[in-house]
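Please look over the sequence and the structure shown here, and then read the report that follows. It takes the annotated sites in turn before moving on to other parts of the chain.

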Amino acid sequence: MNQRKAPETLGEELRRRGMSRRTFLKFCAALASSMALPASMAPVMADALAAARRQSVIWLSFQECTGCVESLTRSYAPTLESLIFDFISLDYQHTLQAAAGHQVEAARETAMKENWGKYLAVVDGSIPLKDGGVYSTVAGETNLDTLRHVAEGAAAIISVGTCAAYGGLPKAHPNPTGAAPVTDIIRDKPVINVPGCPPIPEVLAGVIANFLTLGRLPEMDALHRPLAFFGETVHERCYRRPFFRRDQFAKSFDDEGARNGWCLYELGCKGPETRNACATTKWNRGVSFPIESGHGCIGCSEPDFWDKGSFYAPLPRGRRSSAESIAAAAQMAAGTGIGGAMLSRASRKEDLEDG
C-alpha cells in the first residue's frame, strides 16, 4: 500500500507525473463506458477527479477465499495500480498490505479517525453470527464487531463477492457458523452489492470510480446491485442466444452441438435467471467468459446459488412458442420507436419465463 502523503488534489498528482489532459480524458472515457455512462460524461468525470482528493478505503476480509481480491488485481479499466496509486488511499487490506500485527490495526484506526464519515468500507466474505461470531476473528476481535465498528464512520459500504453480498458458500446449508451478508447487519448506511464468485473486477472498479467522480453510489436494483452491470441477464446478451431460439442445444459437453457452439441450456446453464455483465464485460481483458469457454453459467451472482445446486440440470423451458412469436415480432419492429421498444421488453420478459 502507498504510505506517502497524498497531494492536495488528484489533478496535481497527475500533472506532476506528466499525464496530459488528452490522456486523462481517454482514461475517463473508459471509466464512463465501464459504468454504462454516455461519452459526454468523460469531461465531467475528468473535472471531478482532478478536483478530488484521494479517497480513503478500508477493506475488510472476513469468511472468504481471497478470490475476490485476486479478481480485482486483474482489473484493466481502470487497473488496480491506477486505483491504488492515483485515485484511492488503500489504508487497510490484509492481502495487499506490507505491514503486519499491531501496525496494521493502528493504521486502520488512524485512517478511520482522519477520514471519519468520508471513507469507503469494502467488505469481502460473510460474517459469522453464531455463538457471538467466534468462528472468525482478527486481532482478537470478531468479524461482527469489526464490521460494526468500521461501518459506523463509513460514507458507504461496498460488499464485494457473493459471500459478502448474500452469505455465499459459508452460508450454504447447514450454515454451521451462522454466516450472514453485510445487509443483514448494517442497515443505517448505503450498501451496494457486487456479487459473483468471484465478481468481475471492472464492476468493482466502476462502482468505486462512480463514487469518486459523482460522490454517490450508482443506481441499484432491489438486491442492491449496480444496474449498469446487473440490469440484464447473462442470457439476454449471450452470443449463443440465437441457438436457444432455434432449439439448437448441446446434449453433452463433447458432442457435435457443443463443438459448434450451440446453446448450453440443456446442460444446466443458469444464464436465463442470472443477472451479471459476464457476456459483455467478460474476463481477462475481455477475452472470454464461462459460456464462451464451453461451460454453462452456474448463477454465482444470485442469492443461494450454491444451495440451489443442479448445475447440470436444465431450467424449465416454459412457454417457448409464445416467447418466440413475440421475439420475431420484436425483430420486425426493431427501430420503429416505442412499439419496437415495448416488444423488445416483452421479448426479454418471455425469455425469462422460458428460463
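Cys 65 counts as exposed in this predicted model, because its relative accessibility of 66% is over 50%. The residue is placed in the loop between strand E1 and helix H4, the latter covering residues 67-72. Cys 68, by contrast, is found in helix H4 itself, and it counts as buried because its relative accessibility of 13% is under 20%. When residues up to four places away in sequence are not counted, Cys 68 touches Asp 124, Val 160, Gly 161, Pro 198 and Pro 199.

Both cysteines belong to an annotation that comes from UniProt, where an unreviewed entry places the feature "binding site" at Cys 65, Cys 68, Cys 163 and Cys 197. These four residues span 133 residues in sequence, yet no two of their C-alpha atoms are more than 9.9 Å apart, so they gather at one spot.

Strand E1, which runs over residues 55-61, contains Ser 61. Ser 61 counts as buried, since its relative accessibility is 9%. Its contacts, again leaving out residues up to four places away in sequence, are Gln 93, His 94 and Asp 124. Of these, Gln 93 is 32 residues away from Ser 61 in sequence, while the C-alpha atoms of the two are 7.5 Å apart in space.

Cys 278 lies in helix H15, which covers residues 278-281, whereas Cys 300 lies in the loop between H15 and helix H16, at residues 305-308. Leaving aside neighbours within four places in sequence, Cys 278 is in contact with Ile 200, Val 234, Trp 283 and Phe 289. On the same terms, Cys 300 is in contact with Thr 162, Gly 196, Cys 197 and Phe 305. Cys 197 is itself one of the residues in the annotation that includes Cys 65.

The table gathers the relative accessibility of several residues discussed so far.

| Residue | Relative accessible area | Class |
|---|---|---|
| Ser 61 | 9% | buried |
| Cys 65 | 66% | exposed |
| Cys 68 | 13% | buried |
| Cys 278 | 12% | buried |
| Cys 300 | 17% | buried |

Another part of the chain is helix H3, at residues 41-51, whose buried residues are Met 41, Ala 42, Met 45, Ala 46 and Leu 49. Seen down the axis of H3, these buried residues fall within an arc of 140 degrees, so they line one face of the helix.

The structure also holds 5 cavities of 30 Å³ or more, and the largest cavity has a volume of about 110 Å³. Its lining is made up of His 235, Cys 238, Arg 240, Arg 241, Phe 244, Cys 263, Leu 264, Tyr 265, Cys 269, Gly 271, Pro 272 and Ile 291. Sorted by class, the lining of this largest cavity has 8 nonpolar, 2 polar and 2 charged residues.

Notes:
Residues numbered from 1 in each chain as written. Predicted model: local features only at pLDDT ≥ 70, side-chain atom pairs only at ≥ 80, totals over all residues. Heavy atoms only, no water. Helix = DSSP H or I, 4+ residues; strand = E, 2+ residues; numbered from the N terminus. Buried < 20%, exposed > 50% of the residue type's maximum accessible area, 1.4 Å probe, protein only. Contact = heavy atoms within 4.5 Å. 1 Å grid on protein atoms, 1.4 Å probe; cavity = no way out; pocket = protein on both sides within 12 Å on 5 of 7 lines; lining within 4 Å. Points joined across faces, edges and corners; volume = space filled by probe spheres on them. Nonpolar A, V, L, I, M, F, W, Y, C, P; charged D, E, K, R; others polar. Arc of directions from axis to C-beta. UniProt positions renumbered as here; feature names shortened; annotations may be inferred.
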